[in-house]
Amino acid sequence: QVQLVESGGGLVQAGGSLRLSCAASGRTFSISAMGWFRQAPGKEREFVASSRWSGGSTYYTDSVKGRFTISRDYAKNTVYLQMSSLKPEDTAVYYCAAQRSGATRYDLWGQGTQVTVSS
């Protein structure tokens, strides 16, 4: 099994930055892609960013392009989401997710970390 543990959320003023971390442990060799999602109060969970576990292509939702960057530390099996120029509408619980090889969707989820952006 794979375990995902997020960290790095918090309260920040608009225009500020935060870096979220997602540490993967266990059978990490089974992971094909990692993603970040978020869910704001009263809204559905939405895709934010993703990257192949082996590196290469990254994808972002339009609202975060140019402000957020997904990256990975191979030695630490950790995926990061660097968030800059934060806006109040970025306020949400952010979830790390993993898609295992052969899966057609993200099937493993972290516990979530709260990000609050004040205006």
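Predicted model: local features only at pLDDT ≥ 70, side-chain atom pairs only at ≥ 80, totals over all residues.

Modeller: Residues are numbered from 1 along each chain as its sequence is written, and side-chain values use heavy atoms, with hydrogens and water left out.

Biologist: What makes β1 and β7 edge strands of their sheet?

Modeller: Four strands form an open, antiparallel sheet in the order β1-β3-β8-β7. A strand is a DSSP run of E with at least two residues, numbered from the N terminus, and two strands pair if DSSP finds at least two bridges between them. β1 (2-7) and β7 (68-73) each have a single partner strand, so one side of each is left without a neighbour in the sheet.

Biologist: How do you know that β7 and β8 are paired?

Modeller: Pairing requires at least two bridges. Six bridges join β7 to β8 (residues 78-83), and the two strands run antiparallel. Within this pairing, R72 stands opposite V79 in β8.

Biologist: Why is the pair of F37 and F47 called edge-to-face?

Modeller: Rings of Phe, Tyr and Trp (its six-membered ring) pair if their centres lie within 6.5 Å; planes under 30 degrees apart count as stacked, over 60 as edge-to-face and the rest as tilted. The search of the whole structure finds three aromatic pairs. For F37 and F47 the centres are 5.7 Å apart and the planes stand at 75°, so the pair is edge-to-face. F37 lies in strand β4 (residues 31-39) and F47 in strand β5 (residues 46-52), so the pair ties together parts that are ten residues apart in sequence.

Biologist: Why is F37 called buried, and F47 partly exposed?

Modeller: Buried means under 20% relative accessible area, exposed over 50%, and partly exposed in between, with a 1.4 Å probe and protein chains only. F37 has 12% and is therefore buried, whereas F47 has 28% and is therefore partly exposed.

Biologist: What makes F37 and Y106 an edge-to-face pair?

Modeller: The rings of F37 and Y106 are 5.2 Å apart, centre to centre, with 75° between the planes. Both residues are buried. Ring pairs link F37, F47, Y106 and W109 into a cluster.

Biologist: How do you know that R72 lies over the face of W53?

Modeller: A charge sits over a ring if NZ of Lys or CZ of Arg is within 6 Å of the ring centre and within 35 degrees of the ring normal. R72 lies over the face of W53 at 3.6 Å from the ring centre. Likewise, R19 lies over the face of Y80, at 4.1 Å from the ring centre.
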